[in-house]
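Dear colleague,

Please find below the sequence and structure that I am passing on to you. My notes on what was found follow directly after.

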Amino acid sequence: MYTRWNTYSSYLKRKYGESVYRIGVDGGFSCPNRDKSRHGGCAFCDGTGSIAVYQRSAESSYRRSAAYDSVKADTILPRLLSIREQIERGKEFLSRRYKARLFSLSFQSWTNTYDTVENLRRVYDEGLSVLPFKELLISTRPDTVGEDVLDLLESYITEDRDVWVEFGLQSADDFTLASINRGHDLACYMDAAERAHRHHLKVATHVILGLPGEGRGHFVRTAEAVNKSGAEAVKIHNLHITGGTALSDDYLSGLVTVMSEERTLEDTELFLRHLKSDIIIERLISETPYHRLLAPRVFPDKSKFLRHLEERMERNGTRQGDLV
C-alpha cells in the first residue's frame, strides 16, 4: 500500500468498505475540439478517445514488447456498440480478474457532455439501469458544461451514489493551453469547477506533466490552480506521444522531447508536494498501449513506477501536501 499520497483505492475502501471498480464505456459521443473549425483537436489526442483497454478487443493481443504500429480509432471500438454490452463486458472482465463486487460507471471516452440534454439523459439512464453503481463519472471538457447539463448530472446524485465530473485541464498556463490547442483557458476550468460544486458534484482534474515548454514552475502553478479550484481528485499523466498526433510530428522533427523516468519521478514528487493532502490521487502515470506509443519507449510499467515513486518519497522524507 502506498502511504506518501492520498490514494483513490484507500478513499473508496474507507467510503464503501471494500474496493470499487470502474467500468469505462464509450457513450458514442464526439469532441467539439476535433471539429475543423478548431483545427483537429488537442495536440496530444490520437483520436482513440481514451477508450478502456478491455473495450478494445482489436488490441487485446498486443503487449509491451510489441513493435510500434498505428491503429485507427474506428477499428478499435464500433461506435454503435451498445452501452449495455460494454458494461456487461467490463463487469465480466473485472469480476474475473479482480473478484470485483462493487462498480462505478465511467463515461470516459471523448467529451461526455457534448450532446443535447435529452440525448445525455437517454445515455446516462441506459448505463445506470444495468447495475447499482456506486459512482457515476463523466469525463468532459470545462467548456461543455452548461447549467442545464449540470442540473441533469445533479439529478443523478442519491444517498448511495456520488456523481463526479472529470475535467481535462492539463496545464494552468494559458500559453501552454493555446499551444496544444486545448480550446479553453484556465479561467474556463476554474468557472466550470466552481459551478459543478454549486451543483453538489465532485470534481476530478486531469493534468499532464512534461508538456512542451513547461518546467517545474509550471507544474507548481498547476498544482496551486487545482488546489484553488476545490477539486476533490486529480489524475496525473506524464506526457505520452502517440502516432497520428500533432505532437508526434514535432517529436519526429526533434522539436519536442519527453521526460525520462528519473525526471518524471522528480517532477511528480514536486507536484504532489504542492497539492493539498486531502485531494485524492486517481492516477499517477499514463498508460498507452505500447504499439501506439512513440515516446517514451523506455519506461517502467505502472507498478514499477509507483514503487519507485514511493521509495523516492520515503527516502526524501516527503509526502503529498507538505509544501502547501
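Aspartate 191 counts as partly exposed, because its relative accessibility is 38%, a value that lies between the limits of 20% and 50%. Please bear in mind that this is a predicted model. Arginine 195, by contrast, has a relative accessible area of 13% and is therefore buried. The side chains of these two residues, arginine 195 and aspartate 191, meet in a salt bridge with an N to O distance of 2.9 Å. Both belong to helix 6, and because they are 4 residues apart there, about one helical turn separates them.

A further salt bridge joins the side chains of arginine 273 and aspartate 322, at 2.8 Å from N to O. This pair links distant parts of the chain: arginine 273 is in helix 9 (residues 261-273), while aspartate 322 is in the segment after helix 10 (302-316), 49 residues away. Arginine 273 is partly exposed, with a relative accessible area of 23%, and aspartate 322 is likewise partly exposed, with 32%.

Salt bridges with shared partners also join Arg22, Glu166, Lys235 and Glu282 into one network. Within it, the side chains of glutamate 166 and arginine 22 meet at 2.7 Å, N to O. Glutamate 166 lies in strand 4 and arginine 22 in strand 1 (residues 20-25), so this pair ties together parts that are 144 residues apart in sequence. Both glutamate 166 and arginine 22 are buried. In total, the count for the model comes to 18 salt bridges.

Next, I turn to helix 4. This helix covers residues 147-154, and its buried residues are Val149, Leu150, Leu152 and Leu153. Viewed down the axis of helix 4, these buried residues fall within an arc of 155°, so they line one face of the helix. What do the buried residues of helix 4 pack against? Their partners are helix 3 (117-128), strand 3 (135-140), strand 4 (162-170) and helix 6 (186-198). Strand 4 is also where glutamate 166 lies, and helix 6 holds arginine 195 and aspartate 191.

With kind regards

How values were computed
Residues are numbered from 1 along each chain as its sequence is written. This is a predicted model: local features need pLDDT of at least 70, side-chain atom pairs count only at pLDDT 80 or more; totals for chains, interfaces and linings use all residues. Side-chain values use heavy atoms; hydrogens and water are left out. Buried means under 20% relative accessible area, exposed over 50%, partly exposed in between (1.4 Å probe, protein chains only). Helices (H or I, at least four residues) and strands (E, at least two) are DSSP runs, numbered from the N terminus. The arc is that of the directions from the helix axis to the C-beta atoms. Contact means heavy atoms within 4.5 Å. A salt bridge is a side-chain nitrogen of Lys or Arg within 4 Å of a carboxyl oxygen of Asp or Glu.
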